[in-house]
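Student: Let us go through this structure term by term. I will ask what each label rests on.

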Amino acid sequence: MEGGKSRVRTDRKKHHRKPPTKPTGDEPRIAGGISRKFQISEDIIAGEPLLMGYGRTRLCIENYRNIIEYTENLIRIQTKTGRIHVRGEELVIAYYRDDSMCIVGKIQGIEYH
């Protein structure tokens, strides 16, 4: 220390939080490449909901997040990209697992919200 002055280091970096990353727009291109290489549907890789209807009495949904509402006339389901409302009569969830479910009953309509 010269002349009684203390030296302050200015080269130290303060700890800071890394800003959250934003999607770059390359995700669809990457998902497309992976789906071609492994012969898997691009929808499944991207986490999009996949709906399979069997007539007017059975609907199976893959890649859902949770069940919001469940009555015999309306089943509301949350997905990664939005909500799906299944309307009908005597609706019953035949089974549900972590990422797939099946609804049976008199299905009158499917709405995307």
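Tutor: Start with exposure: buried means under 20% relative accessible area, exposed means over 50%, and partly exposed is in between, with a 1.4 Å probe and protein chains only. Note that this is a predicted model: local features need pLDDT of at least 70, side-chain atom pairs count only at pLDDT 80 or more, and totals for chains, interfaces and linings use all residues. Residues are numbered from 1 along each chain as its sequence is written, and side-chain values use heavy atoms, with hydrogens and water left out.

Student: Why is Arg 87 called partly exposed?

Tutor: Its relative accessible area is 34%. That value lies between 20% and 50%, so Arg 87 is partly exposed.

Student: What makes Arg 87 and Glu 111 a salt bridge?

Tutor: A salt bridge needs a side-chain nitrogen of Lys or Arg within 4 Å of a carboxyl oxygen of Asp or Glu. For Glu 111 and Arg 87 the N to O distance is 2.9 Å, so the pair qualifies. Glu 111 lies in strand S6 and Arg 87 in strand S5, so the bridge ties together parts that are 24 residues apart in sequence. Glu 111 is partly exposed, at 29%.

Student: How do you know what a strand is here?

Tutor: Strands are DSSP runs of E with at least two residues; helices are runs of H or I with at least four; both are numbered from the N terminus. By that rule the protein chain has two helices and six strands. From the N terminus, their order is α-α-β-β-β-β-β-β.

Student: Why do Glu 90 and Lys 106 count as a salt bridge?

Tutor: Their N to O distance is 3.9 Å, and the limit is 4 Å, so the pair counts. Glu 90 is in strand S5 and Lys 106 in strand S6, so this pair ties together parts that are 16 residues apart in sequence.

Student: Are Glu 90 and Lys 106 exposed, partly exposed or buried?

Tutor: Glu 90 has a relative accessible area of 51%, so it is exposed. Lys 106 stands at 44%, so it is partly exposed.

Student: How many salt bridges does the structure hold?

Tutor: It holds three. One of them joins the side chains of Arg 76 and Glu 69, at 2.9 Å from N to O. Glu 69 is partly exposed, with a relative accessible area of 29%.

Student: What makes a set of residues a nonpolar core?

Tutor: The members are buried Ala, Val, Leu, Ile, Met, Phe, Trp, Tyr and Cys residues, joined through side-chain atoms within 4.5 Å. The largest such core here has twelve residues: Leu 59, Ile 61, Tyr 64, Ile 75, Ile 77, Ile 84, Val 86, Leu 91, Ile 93, Met 101, Ile 103 and Ile 107. Strands S2 (58–62), S4 (74–79), S5 (83–96) and S6 (100–112) each supply at least two residues of this core. S5 gives the largest share, four residues.

Student: Which residues does Ile 75 touch, beyond those up to four places away in sequence?

Tutor: Contact means heavy atoms within 4.5 Å. By that rule Ile 75 touches Glu 69, Tyr 70, Ile 84, His 85, Val 86, Leu 91, Ile 93 and Ile 103.

Student: Why is Thr 79 called buried?

Tutor: Its relative accessible area is 1%, under the 20% limit, so Thr 79 is buried. Thr 79 is found in strand S4. Leaving aside neighbours within four places in sequence, Thr 79 is in contact with Pro 49, Asn 63, Tyr 64, Arg 65 and Ile 84.

Student: How do you know that Ser 100 is buried?

Tutor: Ser 100 has 14% relative accessibility, under 20%, so the label holds. Ser 100 lies in strand S6.
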